[in-house]
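User: I have a model open and want to go through a few spots in it. Can you take my questions as they come?
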Amino acid sequence: MADKKLLLIFRNPPFSDSSNKDTLDIALACSAFDIPVSLLFLHDAVLQLIKGQQSQALQQKNLINTFKALAMYDIDQLFLLESDLRRFALSTADLTVNCQAISESEMATLIRQFDTVINL
Amino acid sequence: MIISLLIYASQNSGQAEQTALRFTRSALAQGHKIHRVFFYGETVSGISSLKVIPRDEIDITGQWLDLAESDDLDLVVCIAAAVRRGVLDQQECDRHNRVAANLVAGFNLSGLGQLADAILSSDRLLTFGN
Amino acid sequence: MSDSIFETLHIINKTSSHTALYADCFNTLLPGDAIVLIESGVFSACGQQANDLLKLQVPLYALVIDIQARGIADSINSQVSCIDDDTFVSLACQYKKSISWF
């Protein structure tokens, strides 16, 4: 089997539809199969990563602990757009996981490097 | 070429599953191999033998089965997505002590590892969603 | 057959009212890519939306079955390539990978 690099794109805010969790589950499963996985957070998806989320009262599963645990699965290539950070007045220091902030053109070049892209 | 499909759509909105089905038929007709069709997310709700389709509507699940029979398709339903939506095979029905198994015969419940395998084993992965 | 010369096939199935979706797709485009409009996405093969997409300077395809289903066959921009399912499959094979935008 050929090596396949996988990019997963998140596009939704926290506590929205199930696509965030479904995408995260793909990340964990593929990592277990030794597929190198990178994550790209676009638009509202950046909002999932804000530090200090206290969601117990919502009675909804919070994905933040899973995001924090990704490094243990060797998933440490997380990307987001500088322009999205600016839009939400955030910096990478406001986020709970280490992410690389890139420009739109860097994103386009980044996507070229992957064999498979899943964008739920 | 070896192609796998990931279907992430509700049967009640949009036409993603119909597009995927036509894509699959066309790919098979051109001599490509469909390694696997992986049903994920809300799609799996429709793969229930308890559902009753109005007589003037198309049974898309039945069409997948026809294709599976004629072309030996591997139709895999994500087990986690299915169980949480009440789509169970006999084994899951027994395990969770539920009243009935309702997964449509011809589809198989399995884990996301089957999607990972599809990625590794296929030249192309196409996602159809809504 | 696996030596594709083309890069990424972007598959869009929503109307251009989904502005963030279109913006994300446009931001990831590079020369060598192409766009296929399917389902509700075929409305973007008409009018100003088609002009906007053609400005991106990548090949633009639209599924003819979805165009006909929506009664817009006469409104499709002449620079858009209308394709059948078989050509859609061929494109998916010719391009190294696809990204579905929905």
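User: Start with B:Leu28: does it count as buried or exposed?
Analyst: This is a predicted model. In it B:Leu28 has 19% relative accessibility, and the cut-off for buried is under 20%, so B:Leu28 counts as buried.

User: Where is B:Leu28 placed?
Analyst: B:Leu28 is in helix 1 of chain B, which covers residues 16-29.

User: And what is B:Leu28 in contact with, leaving aside its neighbours within four places in sequence?
Analyst: With those set aside, the contacts of B:Leu28 are B:Ile34, B:Leu67, B:Asp71 and B:Leu73. B:Asp71 is 43 residues from B:Leu28 along the chain, and their C-alpha atoms are separated by 7.9 Å.

User: How do helix 1 and helix 2 of chain B cross?
Analyst: Helix 2 of chain B runs over residues 60-71; its axis and that of helix 1 of chain B come within 10 Å and cross at roughly 15 degrees. Angles under 35 degrees count as roughly parallel, so helix 1 of chain B is roughly parallel to helix 2 of chain B. The crossing of these two helices is left-handed.

User: Which residues make that contact?
Analyst: Helix 1 of chain B supplies B:Glu17, B:Gln18, B:Ala20, B:Leu21, B:Thr24, B:Arg25 and B:Leu28. From helix 2 of chain B come B:Ile60, B:Gln63, B:Trp64, B:Leu67 and B:Asp71. By type, the residues of this contact are six nonpolar, three polar and three charged.

User: What about helix 1 of chain B and helix 4 of chain C, at what angle do they cross?
Analyst: Roughly 80 degrees, with the axes coming within 9 Å. Helix 4 of chain C is residues 85-94. Since 65 to 115 degrees counts as roughly perpendicular, helix 1 of chain B is roughly perpendicular to helix 4 of chain C.

User: Which residues are involved there?
Analyst: On the chain B helix, B:Thr19, B:Arg22, B:Phe23, B:Ser26 and B:Ala27. On the chain C helix, C:Asp85, C:Asp86, C:Phe88, C:Val89 and C:Ala92.

User: Switching to rings. How many aromatic pairs are there over all chains?
Analyst: A search of the whole structure finds twelve. One of them is B:Phe23 with B:Phe128, a tilted pair at 5.5 Å centre to centre with 55 degrees between the planes. B:Phe23 lies in helix 1 of chain B and B:Phe128 in strand 5 of chain B, residues 124-129, so the pair ties together parts 105 residues apart in sequence.

User: Are B:Phe23 and B:Phe128 buried or exposed?
Analyst: B:Phe23 is buried at 1% relative accessibility, and B:Phe128 is buried with a relative accessible area of 2%.

User: And what kind of pair do C:Tyr22 and C:Phe26 form?
Analyst: C:Tyr22 and C:Phe26 are edge-to-face, 6.0 Å centre to centre and 85 degrees between the planes. They are four residues apart in helix 1 of chain C, so about one helical turn separates them. C:Tyr22 is buried at 5%, whereas C:Phe26 is partly exposed at 26%.

User: Last one: how many residues of helix 5 of chain B are buried?
Analyst: Seven of its nine, so by the under 20% cut-off the helix, residues 113-121, is mostly covered. The buried ones are B:Gly113, B:Leu115, B:Ala116, B:Asp117, B:Ala118, B:Ile119 and B:Leu120.

User: What covers them?
Analyst: The cover includes strand 1, helix 1 and strand 5 of chain A, together with strand 1, strand 2 and strand 5 of chain B.

Definitions and conventions. Residues are numbered from 1 along each chain as its sequence is written. Chains are lettered from A and ligands numbered from 1 in the order in which they are written. This is a predicted model: local features need pLDDT of at least 70, side-chain atom pairs count only at pLDDT 80 or more; totals for chains, interfaces and linings use all residues. Side-chain values use heavy atoms; hydrogens and water are left out. Axes are lines fitted to C-alpha atoms, for helices over the stretch in contact, and angles run from 0 to 180 degrees between N-to-C directions. Angles under 35 degrees count as roughly parallel, over 145 as roughly antiparallel, 65 to 115 as roughly perpendicular and the rest as oblique. A crossing is left-handed if the near helix is turned anticlockwise from the far one by less than a right angle, and right-handed if clockwise. Contact means heavy atoms within 4.5 Å. Ala, Val, Leu, Ile, Met, Phe, Trp, Tyr, Cys and Pro count as nonpolar, Asp, Glu, Lys and Arg as charged, and the others, Gly among them, as polar. Rings of Phe, Tyr and Trp (its six-membered ring) pair if their centres lie within 6.5 Å; planes under 30 degrees apart count as stacked, over 60 as edge-to-face and the rest as tilted. Buried means under 20% relative accessible area, exposed over 50%, partly exposed in between (1.4 Å probe, protein chains only).
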